[in-house]
Amino acid sequence: MVGVTEVYNTLWIGLIFMVLGLPLTLSYRTTGIINFVHINFITIGAYVGVLLSLLGVKNIFMVALVAFIVGAAIAVFDNIAVFKPLSRRGANVVILMVASLGLWIFYKYFLYAIVDLIGKAVKENLVSVILELDILPTINLGGIVVDGKFLTTLTLAVIVVLFYYLVLTKTSIGKAIRAVSDNSQLAEISGIPRDHVVNFMWAMTGGAAAIGGLLWGIFAIVTPEVGDWLILEIFAVAVIGGLSSLLNTAIGAFIIAGAENIVMAALHETFGLPLSFRPFITFLVLVIVILVKPPLGAGGGLPYRFFKPRKR
Amino acid sequence: MEAYPIGSLNPGRGDEDMVEFNVLGFLIDWSTFFAIYAILAISLNLEIGYTGMANFGKVAFYAIGAYLSAVLTIVTFLTIFGVSAPLYSVDAVIALGKHGAELPWLNIGLFILSIILSAIVTGVVGYLVTYPTLRVGPAFLGITILSFGEMLRFFLRNYEPLGSTYGLFGVPHPFQWVPDPTVRTGIYALIVLGIMFGVYLYAERLVNSPFGRVLRAIKDDEVAALCLGKHVPRIKATVLFIGSAIAGVAGALYLFYLGSVNPDMFIPRVTFDIWAMVILGGMGNNKGAIAGAAIITFVDRALTFITPSLGLTAYITPDYIRWMTVGLLIVLVLLFKPGGLIPEKPIKTPALEVANKIEEG
Amino acid sequence: MPELLETVDVAKYFGGVRALDGVSIKVKEGSVIGLIGPNGSGKTTLFNVITGFYVPERGEVWFNNEQIDGLNPNEVYLKGLVRTFQIPRLFPSLTVLENVIITPPYQIGERVLDAPFKKRWEKQEIDLAKKAVELLRRFGMGKYIKSKISELSAAHIKMLETIRGLLASPKILLLDEPAAGVAYTTAKELFEYILRLRSEQGLTFLIIEHRLEVLMDYVDYVYVLHNGRLLSEGKPEEVVQDPKVIEAYLGG
């Protein structure tokens with residue numbers, strides 16, 4: 001039987017995937033780059049939690065704020081130092097993506113090196129950490145116990161989503177971001193320089209992804225590979241969202257979380273499929289979505305159909 | 001995370017060759033690695049440099065070639081010598097060791113057959129895996145193949161008949177029957193270099209043709225190429241067939257050099273190394289791909305010998321530095337020398353000669 | 001004369017926006033037809049439906065007595081429809097000559113199995129190269145044969161895109177704003193060429209233009225699109241007089 005645990009985990013993980021997937025969709029929509037540094041945002045977000053708790057800063061909201069700032073700073077730096085010069089020179093999306101791949105490798109091992117050094121200095125194992133932060137307390141709602149970790153995730157996820165919603169719909173820079181993703185010429189009209197708009201977008205992206213990484217760190221163990229483990233899921237989430245719709249991305253987050261928990265548990269019980277085969281389900285979902293409902297139009301698609309439309 | 005020793009071009013392999021420095025040994029070792037990586041770099045260059053397809057999962061096809069050759073060779077040996085034991089078992093390894101040098105033609109035949117089969121099978125897999133993603137834009141291909149590679153590795157780690165995490169051992173060298181190991185590895189290095197040269201010639205002829213012209217057009221603007229009647233999805237899938245087939249051959253060559261395979265030889269980092277080679281050498285230029293492979297394999301191999309003497313290891317794992325360098329190298333070359341060491345040249349077809357003649361006359 | 005190209009009640013929606021809403025046009029063989037309308041009126045969308053970029057929600061597209069809606073762009077091209085883009089899409093890493101020589105379909109050397117063997121395709125390649133050079137010279141671009149696209153002027157780029165498909169001997173050319181961003185005199189020259197091609201080779205043209213006055217002297221018949229519907233059609237001099245058209249241009 002698929003039980004309450006699976007549903008509960010689906011909700012929980014779905015929230016985290018949403019916080020990680022929304023920024024990927026936003027940045028892809030605006031720039032057309034699948035940014036590999038997204039993986040680093042996640043890992044770094046989680047490690048901000050680790051390092052701050054070493055320093056004694058344990059308030060989760062404080063930590064989340066710092067994670068946001070660090071993630072945002074890295075994202076903006078990448079744009080200014082790498083993406084902008086490259087696109088100004090006329091490099092295409094593929095080249096930008098390869099550059100982001102290089103950045104990913106660099107940041108990943110940079111983080112490894114730092115974690116290694118600090119770990120040696122404080123004589124603690126920082127390569128596999130259980131985060132201990134001051135999170136919201138576990139509450140009891142008329143007999144239903146809501147875990148404090150879940151409550152924290154829910155709260156921060158709601159804050160991030162609200163932040164995205166408010167910025168993108170109510171502020172002029174948010175409207176400019178949407179204009180840039182739809183049509184860059186229109187964007188100039190809003191009066192905000194395009195560079196600022198794109199930088200702001202990257203800050204929102206890196207920041208939110210770092211908070212997502214922190215949330216994952218609360219849910220599971222923190223290692224320098226957390227982002228690498230999650231990227232397939234996050235990518236699948238964004239593809240379900242067509243890489244353009246933020247609402248569908250949010251829905252995709254819960255579809256993937258459900259596939260990995262509820263569907264996986266069902267398959268495990270019915271066919272005895274080992275639980276470690278979780279990523280295969282996600283990969284399968286990804287391939288099916290690409291085949292059946294490919295995110296065409298979201299930048300760089302080919303106007304080509306494998307199957308002839310029905311003759312009327 | 002498994003911390004590999006440096007010399008990560010060869011992850012999962014012990015550093016048995018670190019005992020003492022031997023110039024000839026180093027040269028043979030390096031030239032074999034260089035040739036294998038040059039083959040991989042040429043295949044990636046065909047995809048990214050000429051056609052503009054970002055294949056972030058090159059390693060998957062490399063792995064398929066290696067595993068396929070291992071299974072083929074081990075199964076054939078065990079069948080011929082009447083040993084019934086699982087492929088990965090100690091009994092099998094002992095039997096392979098015992099009979100590995102008895103029938104020279106068997107070794108050589110299996111070597112050739114492995115190369116051919118690897119090319120065909122990996123080519124077909126490459127075609128099938130990528131075909132669905134080809135119309136969806138450049139980002140998807142890369143991520144799908146990257147994930148495919150990781151799924152494959154994950155599967156191999158968990159699949160017992162292929163030895164799960166330990167992999168397969170004791171594959172007889174094609175020249176096992178040559179008693180002197182230096183001669184044996186020397187001959188092998190020459191053969192691998194020869195195959196590399198053949199692959200280079202093939203790639204050069206393929207791209208300096210009307211077909212190569214279409215590939216460049218697809219790299220520039222695939223939509224425009226489609227509107228000029230070129231069957232872009234099929235052409236891209238064909239290039240991935242060729243690229244994957246070549247990578248499969250490299251996998252077979254790698255297997256017979258090492259004599260063993262395990263899933264963790266095929267981590268995504270191997271792909272990134274190949275990317276670094278192509279970008280450093282120059283995208284869209286086969287000579288560049290070879291130069292990139294030569295430089296990076298040389299530095300990597302040399303570091304294997306040098307680093308332990310630097311005394312840095314107490315503070316920082318050299319592996320991290322190596323990989324930070326690879327990442328940074330990719331970014332810096334793209335930023336400051338986008339053409340790489342040997343930049344892209346116009347393709348050579350008779351059309352160019354016609355134009356030249358007309359200009360002169 | 002028979003209709004070469006015909007759209008029947010074609011509709012294409014994007015979300016809730018009706019980019020095309022029941023458009024029927026007819027293009028006779030050997031004619032030069034104009035397609036005009038304000039920005040966002042659906043001209044380029046109609047091109048995209050005809051050339052297989054989009055599958056229409058409703059309606060049919062007929063070419064040479066064949067139904068072609070739903071075909072892919074490459075298949076449409078092989079039927080003999082060549083299109084250009086509003087913003088030219090040439091291949092910057094190829095030379096001018098190669099941008100032309102790439103257009104004929106079914107080249108031997110483009111087959112992957114034949115490509116490594118120069119002997120098999122060399123002759124065809126040289127023939128095509130000679131024809132391409134001839135074509136470029138005929139349109140005054142003989143000097144630029146070996147140039148890169150980045151070395152050409154905007155007018156030459158427009159010109160190159162318009163003429164390169166001729167090497168593939170098409171039946172119809174669909175030109176998307178061939179005169180945009182081109183000086184008035186150059187635009188005139190281009191249209192003179194178009195008329196010449198029509199009379200010399202019996203080619204048919206369907207031309208999108210934003211500016212009416214440029215087209216006026218050269219087209220046989222004009223369709224006016226507005227908000228995805230046909231607003232007016234007729235001989236150019238009739239269309240200019242049409243009060244609906246005047247209102248659309250001035251009011252839109």
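These legends go with several close-up views of a predicted model. Local features need pLDDT of at least 70 and side-chain atom pairs count only at pLDDT 80 or more, while totals for chains, interfaces and linings use all residues. Residues are numbered from 1 along each chain as its sequence is written, and chains are lettered from A and ligands numbered from 1 in the order in which they are written.

**View 1. Chain B is built from 13 helices and 0 strands.** Helices (H or I, at least four residues) and strands (E, at least two) are DSSP runs, numbered from the N terminus. With a radius of gyration of 21 Å, close to the 21 Å that the globule rule gives for 361 residues, chain B is as compact as a globular protein of that length. (That radius is taken over C-alpha atoms, and the rule is 2.2 Å times the number of residues to the power 0.38.) The C-alpha trace of chain B spans about 70 × 50 × 40 Å along its principal axes. Of the 361 residues in chain B, 58% are buried; that takes 20 or more other C-beta atoms within 10 Å of a residue's own, against 12 or fewer for exposed and anything in between for partly exposed, with C-beta atoms placed from the backbone.

**View 2. Here chain B meets chain A, with 38 residues from chain B and 44 residues from chain A in the contact.** Two residues are in contact if their C-beta atoms, placed from the backbone, lie within 7 Å. On the chain B side, the elements giving two or more residues are helices H5 (138-158), H8 (222-227), H9 (232-258), H10 (268-281) and H12 (318-336). Sort that side by class and you get 27 nonpolar, 9 polar and 2 charged residues. For the classes, Ala, Val, Leu, Ile, Met, Phe, Trp, Tyr, Cys and Pro count as nonpolar, Asp, Glu, Lys and Arg as charged, and the others, Gly among them, as polar.

**View 3. Chain B also touches chain C, through 30 residues of chain B and 33 residues of chain C.** On the chain C side, helices H2 (73-79), H3 (96-101) and H4 (118-138) each supply at least two residues. H4(C) gives the most, with 7 residues. The chain C side splits into 18 nonpolar, 7 polar and 8 charged residues.

**View 4. Chain C comes in two parts, domain 1 (3-80 + 170-251) and domain 2 (91-161).** These bounds come from an automatic or database domain assignment. The C-alpha centres of the two domains of chain C lie 27 Å apart. Their contact takes 8 residues from domain 1 and 6 residues from domain 2 of chain C. Helix H6 (residues 184-201) of chain C gives the most to the domain 1 side, with 3 residues.

**View 5. Strand E7 (residues 172-176) of chain C is largely enclosed by the rest of the structure, since 5 of its 5 residues are buried.** Ile172(C), Leu174(C) and Asp176(C) cover one face, with Leu173(C) and Leu175(C) on the other. E7(C) pairs in the parallel sense with strand E6 (residues 81-83) of chain C over 3 bridges, and likewise with strand E8 (residues 204-209) of chain C over 5 bridges. Pairing here requires at least two DSSP bridges between the strands. Look for Leu81(C) as the bridge partner of Ile172(C), and for Leu206(C) in E8(C) opposite Leu174(C).

**View 6. Four strands of chain C form an open antiparallel sheet in the order E2-E1-E4-E5.** Strands E2 (17-28) and E5 (66-67) of chain C are the edges, each pairing on one side only. Inside the sheet, 5 bridges join strand E1 (residues 3-14) to strand E4 (residues 58-63) of chain C. One bridge pair to spot is Leu5(C) with Phe63(C) in E4(C).
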